[in-house]
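Have a look at the model first, then read on.

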Amino acid sequence: MIHMIPDSENKNALDEVWLESVSEDLGPDDRKMLEKAVDWALHAMEGKVLETGEPALKHAAGVVRILSLLQVDATTMVSGLIAAMPAKQENESEKNYKNEIISYFGLEVFNLVQGSRELVKIGAVARNAGAASQEGGNSGNQQEMLRKMLLAMATDLRIVLVRLASRLQTLRWFAETKKPCPEDISIETRDVYAPLANRLGIWQIKWEMEDLSFRFLEPEVYKDIAKKLESRRVERESLVAATVNDIRDSLQEMGIKADVAGRAKHIYSIYNKMRNKKLDFDQLYDLQALRIIVDTERDCYTALSLVHAKWTPVMDEYDDYIANPKPNGYRSLHTVVMGDDGRAFEVQIRTMQMHQFAEYGMAAHWRYKEAGVKGGQVAASSLYDRQVSWMRQLLSWRKEVGLTEKEEKKATEENSANQPELALKKAELQKTGEQLQQMKDQRHERIYVLTPQARVIELAEDSTPVDFAYHLHTDLGHRCRGAKVDGQMVALNTKLKTGQTVEIIAAKSGGPSRDWLNPQLGYLASPRARAKVRLWFNAIELQKRITSGQEQVEKELQRLGKTAVNQEQLAEKLGFARADDLYVAVSKDEFSLRSIASAFAEPSSEAGTEDKILVARQTDSRHSGKSGVLVVGVDSLMTQLARCCHPAPPDAIEGFVTRGRGVSIHRQDCAAFAVLKHKNPERVIDVTWGNTEDAVYPVNIAVHAQDRNGLLRDVSEAFSKLKLKVVGVNTQSKRSLAHMHFTIEIQNGDQLSRALQALLEIPGVMSASRC
């Protein structure tokens, strides 16, 4: 745990005592490098103050002290020291400053300093983004995007460490001076920087950041919890340390190799648990926590038995996630026991494999800690997970390398027999470091840029301002005519970088350029944006075809003398779903204009030219023929169902006396029957449905749908489920639309209604109707 060590006065912030404490683990060359940086800082930062009001030298001293406790290298410490320099405003001075840093300390230090300063700049924007996202009701997503953006901007892990140390020092200074910390800084720390430290596994920074930001945001609640704790943080931690030693010694006596670590829970964690579980302070069991890592599952349960034998377990607080893993795969033993002093503390027991999975795998600690009630079900991008994972491993690796070097030095001095073993361990660690470095050098797959309103937008790598515009809104993308990046006009095919602020200059109307679809010109990197541009031009081309086809159809109708016809009905009669489909087919020469005349041809099969009408003696209405139709007032007269309209019960029907084929039964709304009735009204005869229980009637159904694989199969299955017989099928596809006509046999109107409803429920079907 990092303790708050008060700084001395600013003028003595970088004194010998401070230098000795921070350079304890440095070699002679590294110490000289740090001393050189101190000399530079004393001259360059004298009298300078940061925007927060903190003296620059005091801030630099605190940052380096925190970094030294993280066991970073000298380059990182020097970078943290120099990065505390307040940003200059004049361009010329800025240029001289850059040259001076490179000349004195090299390009590596300069890059780390510049990276840290970029994160400082983005911090102000991040705070605005937090306010904007809260107004928009999507603050959680924006905070997550900000964390990702900060990691993406930090091309070197050490930049993140410098920034975290700087923010922690700022909070310490506000706490030490008892000055009010700005609310936006506290919120940003709690919602962005503390979760970052958490994900990187830098628990000590994470805990203190949370406690300090909580102290500034909720001072009364903080003080209340602090008073209720029976001991101060240092006392609680020493109690945990004593418990750790006790368990370690007991396990050693039992021959179990174990790594035991513990800590006292910090105030913000206690508050969070009280809030999330709706508990009072007195109901909390685990104000202290221990973690035991052993070699095997058997050892886990042995260690559990030891813990329960030493202290009284709180059985309601025992969870066996080894026998019953969490849904995300997390495995461990959790128990709460009562100590000898009556205080409860939590113990987690797991193997190293379980621990590695929990720390770096799918069930990483931050997933179920930050997800709240969602637990480990929260998803995250694989690349982001890998980036966080290697950062955490790199921190752990650096610590191990530092310890190994100390062990090796000690073994050399003592002429120890362990020298070969230590050398092998060091070589393995160095190899691991090289692998991690290779992972770090992999290019990012995503970038994070900001809108002028400080909203973070995630884009694909190599995205341009045009991609950005289409991501915000399709219409904005169509109207995009220019862009500003960080206030400067840029070309529309400029590749954006993480952290930049992008502003789109749009016309009031208009559309995209065809050049945007040329991959060699590099205007678009997003497949989604390219698809939107193609759709625009496809729509324009479609409209041109519709206009052209409509003109040709109207000319043909003028030639036929049918200008008053309803063109939508005409299109349906010709087998098209809409008039637009007819126009497109005509413009593409897929449909002959001469076929339009066939829609106006009169049916010839129904009407005869002979005036002779078959008449029989008048009698009662009788059932005649096999159609199930009664001809009113006529006996033994043959009837047949007209093929033009396929009537079926309970359709309203009328009869028409034909030449030599009895009475033809039509639906009253049949267009062909209307023509016959107009020309030969004397042939019309009243008819009605008789007993139709055993009869079946063919009806035509038209189905219009988006064409796709398996569509005909799905329609056939719908008929099959309703036990309807299909006696005729005719299908055609035009411009990704399927036009299907089926003739099915039904007994009544209810069967037809059910069939039409079933067809409408099939994916892709736009209409299903009787024809």
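## The second largest pocket

The second largest pocket comes in at about 1300 Å³. A pocket here is an open set of points on a 1 Å grid over the protein atoms alone, where a 1.4 Å probe fits and protein lies on both sides within 12 Å along at least five of seven lines; lining residues have an atom within 4 Å of a point. Of its 36 lining residues, Gln569, Glu572, Lys573, Cys644 and Ala671 sit closest to the centre.

This is a predicted model, where local features need pLDDT of at least 70 and side-chain atom pairs pLDDT 80 or more, while totals for chains, interfaces and linings use all residues. Residues are numbered from 1 along each chain as its sequence is written, and side-chain values use heavy atoms, without hydrogens and water.

## What lines the pocket

Helices H22 (567–573) and H24 (671–679) each give the lining at least two residues, and so do strands E19 (697–706), E21 (737–746) and E22 (765–770). Helices (at least four residues) and strands (at least two) are DSSP runs numbered from the N terminus. The lining splits into 19 nonpolar, nine polar and eight charged residues, with Gly counted as polar and Cys as nonpolar.

## A three-stranded sheet

Elsewhere, an open antiparallel sheet runs in the order E10-E9-E11. Strands E10 (488–490) and E11 (502–506) are at the edges with a single partner strand each, so one side of each has no neighbour in the sheet. Strand E9 (480–485) pairs with E10 over three bridges; pairing takes at least two DSSP bridges. Within that pair, Val485 stands opposite Gln488 in E10.

Terms used:
Grid points are joined across faces, edges and corners, and a volume is the space filled by probe spheres set on the points.
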